[in-house]
Amino acid sequence: MVMTATAADTTPTSIERAMMIALDEATAAALHSDVPVGAVVLHDDEVIARRHNERERTGDPAAHAEILAIRDAASTIGSWRLDACTLVVTLEPCAMCAGALVNARLGRLVFGATDPKAGAVTSHFGLLDGAPLNHRVPHEVGPFAAECGELLQSFFRARR
């Protein structure tokens, strides 16, 4: 039996749509000289928060896209427990952000590019995998990983 593609086959999934939004957010970060990282929080496949890095813009060392997005998401749903939420982010979270995801009891993480230098999910530490911490966050590399990596590489190439 031969299968033919239908219009439904080309419709982006909620994760793909979220990663496209996260890439837009990452691009916005670069416009004010912040490392281009964008994050989106989904609840029931709907975007409830979208942010980008703002460390340079605000002078706040904790103003990573993930931290800002989960703060906004918690405010939107009225709870710090984000177990029914998915965070979609363009770069593998660092130790600070991974710790925040555990503390927020995040339901799922999808990230684009891995971060061999500071990534704390798969590159180093495995902080979302449970022990010794009290919560495990399921995680996976998502769509557009190459595009996420290229955006970061272009940003840093331009700075050298």
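**Close-up views of a predicted model**

**View 1. Contacts of Phe155.** Leaving aside neighbours within four places in sequence, Phe155 is in contact with Ala30, Ser33, Asp34, Val35 and Pro36. Contact means heavy atoms within 4.5 Å. This is a predicted model: local features need pLDDT of at least 70, side-chain atom pairs count only at pLDDT 80 or more, and totals for chains, interfaces and linings use all residues. Residues are numbered from 1 along each chain as its sequence is written, and side-chain values use heavy atoms, with hydrogens and water left out. Phe155 sits in helix H5. Helices (H or I, at least four residues) and strands (E, at least two) are DSSP runs, numbered from the N terminus. Phe155 is buried, at a relative accessible area of 11%. Buried means under 20% relative accessible area, exposed over 50%, and partly exposed in between (1.4 Å probe, protein chains only). Trp80 is 75 residues from Phe155 in sequence and 33 Å from Phe155 in space, C-alpha to C-alpha.

**View 2. The aromatic pair.** A search of the whole structure finds 1 aromatic pair. Phe155 and Phe156 form this pair edge-to-face, 5.1 Å centre to centre, with 80° between the planes. Rings of Phe, Tyr and Trp (its six-membered ring) pair if their centres lie within 6.5 Å; planes under 30 degrees apart count as stacked, over 60 as edge-to-face and the rest as tilted. Phe156 counts as partly exposed, at 34% relative accessibility, whereas Phe155 is buried.

**View 3. Helix H1 against helix H5.** The axes of H1 (residues 14-31) and H5 (residues 145-159) come within 11 Å and cross at roughly 5°. H1 is therefore roughly parallel to H5. Axes are lines fitted to C-alpha atoms, for helices over the stretch in contact, and angles run from 0 to 180 degrees between N-to-C directions. Angles under 35 degrees count as roughly parallel, over 145 as roughly antiparallel, 65 to 115 as roughly perpendicular and the rest as oblique. From H1, Met19, Leu23, Ala26, Thr27 and Ala30 meet Glu147, Cys148, Leu151 and Phe155 of H5. The residues of this contact divide into 7 nonpolar, 1 polar and 1 charged. Ala, Val, Leu, Ile, Met, Phe, Trp, Tyr, Cys and Pro count as nonpolar, Asp, Glu, Lys and Arg as charged, and the others, Gly among them, as polar.

View 4. The 13 residues of H3 (residues 65-77) should span 18 Å at 1.5 Å a residue, and the end C-alpha atoms are 18 Å apart, which agrees. The expected span is 1.5 Å times one less than the number of residues. Buried in H3 are Ala65, Glu66, Ile67, Leu68, Ala69, Ile70, Ala73 and Ala74. These buried residues pack against strand E1 (38-43), strand E2 (46-52), strand E3 (85-91) and helix H4 (95-103). Just after H3, Gly78 takes a positive phi of about 80°.

**View 5. Cys94 in its loop.** Cys94 lies in the loop between E3 and H4. Cys94 counts as buried, at 18% relative accessibility. Not counting residues up to four places away in sequence, Cys94 touches His64, Glu66, Ala118 and Ala120.

View 6. Most residues other than glycine have a negative phi. Asp44, not a glycine, has a positive phi of about 55°. Asp44 is in the loop between E1 and E2 and is exposed, with a relative accessible area of 62%. Arg105 also has a positive phi, near 55°. Arg105 is in the loop between H4 and strand E4 (108-113).
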